[in-house]
Amino acid sequence: MSVHFEERSGVVPCKTPWGSWYQTMEEVFIEVHVPAGTSAKEVKCRLGSRDIELQVRGKEIFKGRLFDMTVSDEATWTLEDKCLIRIVLMKTNREAGNCWTSLLESEYCANAWVQDQMQRKLTLERFQRENPGFDFSGAEISGNFAGGGPDFSSLQQ
């Protein structure tokens, strides 16, 4: 369901020197621009549940402790068109309130505006999951959206 929501509503990327990263409730996506003609043999990518490392042609792109835990068995990386590495990490905490503020602890942080947009996006994604008959892809949200938005679970139907 997240894929269709993302296709309709777009993503909120956090720009970095090497590319960008963005997130959904379930996943974190990392896009790294590499020199044209890069082969998979020139890429060293280690994806742990809490750590990540990427080297291309012997040069370290990034290395460190992830902002939060991921499911390492479900992490993947691909080299597309010999110029873009796409890494997909599965979050262990898949709640709308789990909005990563940075990719690594204290590195590649989203600025305040991007962080606000990411949190709004995750809250709308949560609303979409809770109300599959509605389309929230073009919706605007204001007010209490921090931490995943208001909790309506205690309301009787």
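## Reading a predicted fold, feature by feature

Student: Let us turn to the fold. Which pattern does the protein follow along the sequence?

Tutor: The pattern is α-β-β-β-β-β-β-β-β-β-β-α, with two helices and 10 strands in total. Contacts tell you about the chain as well: of those with a separation of 6 or more, 57% are between residues 24 or more positions apart.

Student: What is the strand order in the open sheet of five strands?

Tutor: Read across that sheet, the order is β1-β2-β3-β8-β7, with antiparallel pairing. At the edges stand β1 (14–16) and β7 (76–80); each has a single partner strand, so one side of each is left without a neighbour in the sheet. On average, neighbouring strands of this sheet are turned by 15 degrees against each other, direction ignored. Helix α2 (residues 112–130) packs on the sheet, touching β1 and β2, and its direction makes about 35 degrees with that of β2.

Student: How many bridges join β2 to β3?

Tutor: Five bridges join β2 (residues 19–23) to β3 (residues 27–33), and the two strands run antiparallel. Within β3, Ile30 is the residue opposite Trp21.

Student: And how many salt bridges does a search of the whole structure find?

Tutor: It finds 10. One of these joins the side chains of Arg129 and Glu26, at 3.1 Å from N to O. Arg129 lies in helix α2 and Glu26 in the loop between β2 and β3, so the pair ties together parts that are 103 residues apart in sequence.

Student: Are the side chains in such a pair buried or exposed? Take Arg46 and Glu53.

Tutor: Their salt bridge spans 3.5 Å, N to O. Arg46 is partly exposed at 38% relative accessibility, whereas Glu53 is buried at 8%. Elsewhere, salt bridges that share partners join Glu26, Glu125 and Arg129 into one network.

Technical notes: Residues are numbered from 1 along each chain as its sequence is written. This is a predicted model: local features need pLDDT of at least 70, side-chain atom pairs count only at pLDDT 80 or more; totals for chains, interfaces and linings use all residues. Side-chain values use heavy atoms; hydrogens and water are left out. Helices (H or I, at least four residues) and strands (E, at least two) are DSSP runs, numbered from the N terminus. Contact means heavy atoms within 4.5 Å. Two strands pair if DSSP finds at least two bridges between them. Axes are lines fitted to C-alpha atoms, for helices over the stretch in contact, and angles run from 0 to 180 degrees between N-to-C directions. A salt bridge is a side-chain nitrogen of Lys or Arg within 4 Å of a carboxyl oxygen of Asp or Glu. Buried means under 20% relative accessible area, exposed over 50%, partly exposed in between (1.4 Å probe, protein chains only).
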